[in-house]
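Please look over the sequence and the model shown here before reading the questions.

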Amino acid sequence: MESDEASAAAAAASPQASGGTVTPAPKKRGRKPKSKDESQEQISGGKMKESGKKTKQQEEQSVDDKYSQWKGLVPILYDWLANHNLVWPSLSCRWGPQLDQATYKNRQRLYLSEQTDGSVPNTLVIANCEVVKPRVAAAEHISQFNEEARSPFVKKYKTIIHPGEVNRIRELPQNSKIVATHTDSPDVLIWDVETQPNRHAVLGAASSRPDLILTGHQDNAEFALAMCPTEPFVLSGGKDKMVVLWSIQDHITTVGTDSKSSGSIIKQTGEGGDKTESPSVGPRGVYQGHDDTVEDVAFSPTSAQEFCSVGDDSCLILWDARTGTSPVTKVEKAHDADLHCVDWNPHDDNLILTGSADNTVRLYDRRNLTSNGVGTPIYKFEGHKAAVLCVQWSPDKASVFGSSAEDGLLNIWDYDRVSKKSDRAAKNPAGLFFQHAGHRDKVVDFHWNAADPWTIVSVSDDCETTGGGGTLQIWRMSDLIYRPEEEVLTELEKFKSHVMTCASKP
């Protein structure tokens with residue numbers, strides 16, 4: 001089928017760094033860096049040693065050459081792609097509320113950050129994004145973009161001066177104008193991005209004042225952050241090995257849909273530089289069970305009382321606030337290295353994804369986990385050549401998910417394809433049906449768009465390939481790749497005579 005050919009073509013164009021593994025940056029870029037000794041040991045003892053021939057071939061071809069190959073395939077693989085050059089790297093990207101719909105495109109908020117070198121403040125950026133509708137963009141349009149330019153589809157709407165780096169952004173499902181951010185501190189910061197004043201980020205400017213501060217961590221909480229889909233609850237994890245839960249119900253004047261609620265947070269007064277002026281909220285619960293830094297957390301899609309967490313202790317832990325503060329289930333060795341990310345399937349609350357520094361994504365069924373720490377994944381997805389930084393289930397199909405990694409790839413998987421003979425016979429890893437290879441450095445974050453099916457925003461930190469900056473891309477693969485085979489063949493049959501006519505011409 002065409003999808004297999006497209007997958008193979010996309011895989012062939014994957015821009016891997018020389019040697020297949022990215023050397024950690026001296027400064028944290030979206031993940032706690034390992035020492036060079038650790039990294040070299042992991043390379044020599046891991047999969048790169050097993051695939052020496054492939055490594056040699058990768059060394060012969062530069063990242064730019066492979067990127068050029070991928071760019072040549074863009075008109076075939078994508079329905080739409082917008083490339084937006086970032087002056088400063090962004091460690092997180094999230095879709096905000098949809099603003100309006102037009103004939104050929106929709107306008108939507110986009111949240112990202114600017115991680116600076118200190119010459120100007122770190123910022124939380126609110127942008128307006130024009131999302132082109134399916135089958136609207138011409139092939140030449142999506143292929144002719146300038147890597148060094150800003151995309152006309154992305155326009156900065158507002159800047160918030162953030163007190164420290166923005167390591168993670170999460171929007172409140174009940175009202176996505178309210179976001180939480182993690183920085184290098186124990187606190188979680190809550191922002192009403194619509195009522196926050198627009199700021200000019202210049203050296204010496206005072207930080208914007210959060211609308212609410214969530215306290216309770218005893219050490220820095222930098223990455224693990226989640227918002228509950230059913231209640232206005234916030235979940236966090238940090239270096240103190242703790243998982244902390246808050247309710248912000250009483251601090252929001254109205255919680256409802258974006259169109260009906262202003263989402264204003266109480267006690268909000270103008271702008272100030274002193275963070276201590278903001279109201280603060282203590283935890284609803286503190287949960288202890290990890291033996292190292294908690295790297296990511298996720299709520300159950302069906303219960304505000306159930307959640308899970310992963311950490312540098314290689315553990316996956318399930319919690320239930322109704323039964324106390326101890327783990328309900330603890331999988332002691334969910335991966336062979338640190339766990340970086342976790343996501344709970346919104347369509348099936350038994351399925352949980354984990355991503356790790358061992359380069360794999362694993363799928364767990366919580367019904368197969370026992371309280372004594374025994375747990376075997378349903379499947380191990382092996383398609384990355386470096387640490388996996390982000391995993392997320394698709395909102396459009398229950399069996400589809402994405403994973404991004406330090407190898408510069410964003411892989412799209414379909415668990416339903418794992419058992420199919422055609423996929424087993426293919427050269428690609430089982431379940432992998434699309435590789436987005438448009439980033440030339442580690443893909444630190446991505447987010448599926450719930451308002452526009454099969455549309456993704458992704459960001460890479462390009463400090464190692466270009467010396468600084470980042471890349472934001474908004475893209476949608478061709479629907480011929482993911483639609484049912486019979487449907488695609490029926491549609492292509494309409495064009496068969498035209499193609500044959502063209503092929504017969506000298």
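Residues are numbered from 1 along each chain as its sequence is written, and side-chain values use heavy atoms, with hydrogens and water left out.

Q: What is the mean pLDDT of the protein chain?
A: The pLDDT is the predictor's confidence in each residue, from 0 to 100. In this chain, 80% of the residues reach 70 or more, and the mean pLDDT is 84. Residues 1-54, however, are a stretch with pLDDT below 50. Where pLDDT is low, the predicted coordinates should not be read in detail, but for the chain the mean is 84.

Q: How many disulfides does a search of the whole structure find?
A: A disulfide is a pair of cysteine sulfur atoms within 2.5 Å. The cysteine sulfur closest to that of C341 belongs to C390 and lies 6.1 Å away, which is too far for a bond. For the whole structure, the number of disulfides found is 0.

Q: Which residue has a side chain joined to that of K71 by a polar contact of 3.1 Å?
A: K71 lies in helix α5, which covers residues 63-77, a helix being a DSSP run (H or I) of at least four residues, numbered from the N terminus. Leaving aside residues up to four places away in sequence, K71 touches S143, F145 and E147, where contact means heavy atoms within 4.5 Å. A polar contact is a pair of N or O atoms within 3.5 Å; within protein, one must be able to donate a hydrogen and the other to accept it, and residues adjacent in sequence count only if both atoms are side-chain atoms. The side chain that makes the 3.1 Å polar contact with K71 is that of E147.

Note on methods. Helices (H or I, at least four residues) and strands (E, at least two) are DSSP runs, numbered from the N terminus.
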